[in-house]
Amino acid sequence: MGIIRKIFNSISGVFKETQGFYIPENTDVVGEWDMESADVKTRALKMVAPLGYVLSRVGSMASDGTPYVVDSKNNEILNEEYKDIRRLLDNPNPWQDFSQFIKCVHFYLKLYGFCPLYIVRATKASPIKYIFPLPPETFKVENMPNILKSSAGIKGGKATISVDGTQIELKQDEYTILHEGVVDIQNGTPVFYSPINSIGEHIRNYIGQIKARGNLIINGGGKGIIHGNDTSEFGNLELTPQEKDELNRQFNNKYGLVGKSPIIVTRAKVGWIPTSFDVSQLQLHEEDVACMKDIANAIGINPNLFISDSTFQNQEAVKKSAYQDVIIPDANRIARALTNLLCGEGIRIKIDYTHVPCLQEDLSASALALKNMAVGLQTLRNMGLITTEEARIEISKHLDINPNEYEGEQV
């Protein structure tokens, strides 16, 4: 279990690094931020608070999903035969339940564009015992054959993971790769696309404004300006070199320490103009919101979900849209991958979100629509345009009734 513990420590490290915020002194804020590199993305995750916040929030939303094993008709399967699959879904590995697992997978998919899964079996032929999401920056596939000439597919190369500075090669049956769907093969290495690839300039701007704000807060910015303040006709008249040396000698002899003094003697009248910078006028704080909006837009979610001054109704609508447009489609893709990995013919894994509050049907709106429909159907029936049986058929489309069975007096 040594390699498993090391892998989990690597997983935990990614999330721990998002809790703090620091910028090393030698950080190059004006250089290029190539967000196609997994290493650069990991570094950005440590330094850009909005990036960690948005990805963690999306991952938390995804973690609300409930996994099921279902048949071809979408009915849940509770047979004893499939208990091992249900157990594995409940606890994919010793350190993660399903909600933690799916959050981690979503997090990696959005940031890196792919998520490698490490598969543990007791023996090569035995069922899968554990599944661990691997930190993508530690995972690499090389020497991949030409997919046009080989049936090996994405698992045809040499896969390795870096653990504590050591490269460990993974066998073909020890891993699989979930990805966003856009992948390129460059010199035998798959390169996965993530929408985060496009925000390199925004990352640089955010880090630049953070350092600027820190400089103003800690160092105070520029202190002031020394200027000439003599308005007489002798304005800023300089001493001769001999006069200057004599005054310095006399001053040092009287006030200096060991013949040295930090005082410069001059006849010129000088003034001091203090300077300060108004951080609000520099609008540095606006880059926080701008960066968050750019990240949210990149992953396809309305930024109002992450902005605190949005109204509750607006945030609920945006949250519903995020589930429908991003979270659920991604979960369906993950479920299909898990189905291919764990399930046999005729069964599949489903990740359900219908219980999430923002996705619940608005009962008041539904009741009003049903009332309006009933009034309309009654009007049509009274006009002789439709029969009671035809009206009941229409109502059965919205209520759980059998239109062919009717008890009570028909009017």
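**Cavity, pocket and core**

Mentor: About 50 Å³ of space lies in the largest cavity. The model is predicted, so local features need pLDDT of at least 70 and side-chain atom pairs pLDDT 80 or more, while totals for chains, interfaces and linings use all residues. Residues are numbered from 1 along each chain as its sequence is written, and side-chain values use heavy atoms, without hydrogens and water.

Trainee: Why is this space called a cavity?

Mentor: On a 1 Å grid over the protein atoms alone, a cavity is a set of points where a 1.4 Å probe fits but cannot get out; a pocket is an open set with protein on both sides within 12 Å along at least five of seven lines. The count comes to one cavity of 30 Å³ or more.

Trainee: What makes the lining of the largest cavity nonpolar?

Mentor: Ala, Val, Leu, Ile, Met, Phe, Trp, Tyr, Cys and Pro count as nonpolar, Asp, Glu, Lys and Arg as charged, and the others, Gly among them, as polar. The lining has eight nonpolar, no polar and no charged residues, including Leu 88, Pro 92 and Phe 98.

Trainee: Which classes line the largest pocket?

Mentor: Its lining has nine nonpolar, seven polar and six charged residues. Ala 38, Phe 139, Lys 140, Thr 189 and Pro 190 lie nearest the centre of this pocket, which holds about 540 Å³ of space.

Trainee: Which residues have the most contacts inside the largest nonpolar core?

Mentor: They are Leu 51, Phe 139 and Tyr 353, in a core of 83 residues. Such a core joins buried (under 20% relative accessible area, 1.4 Å probe, protein chains only) Ala, Val, Leu, Ile, Met, Phe, Trp, Tyr and Cys residues through side-chain atoms within 4.5 Å.

How values were computed. Buried means under 20% relative accessible area, exposed over 50%, partly exposed in between (1.4 Å probe, protein chains only). On a 1 Å grid over the protein atoms alone, a cavity is a set of points where a 1.4 Å probe fits but cannot get out, and a pocket is an open set with protein on both sides within 12 Å along at least five of seven lines; lining residues have an atom within 4 Å of a point. Grid points are joined across faces, edges and corners, and a volume is the space filled by probe spheres set on the points.
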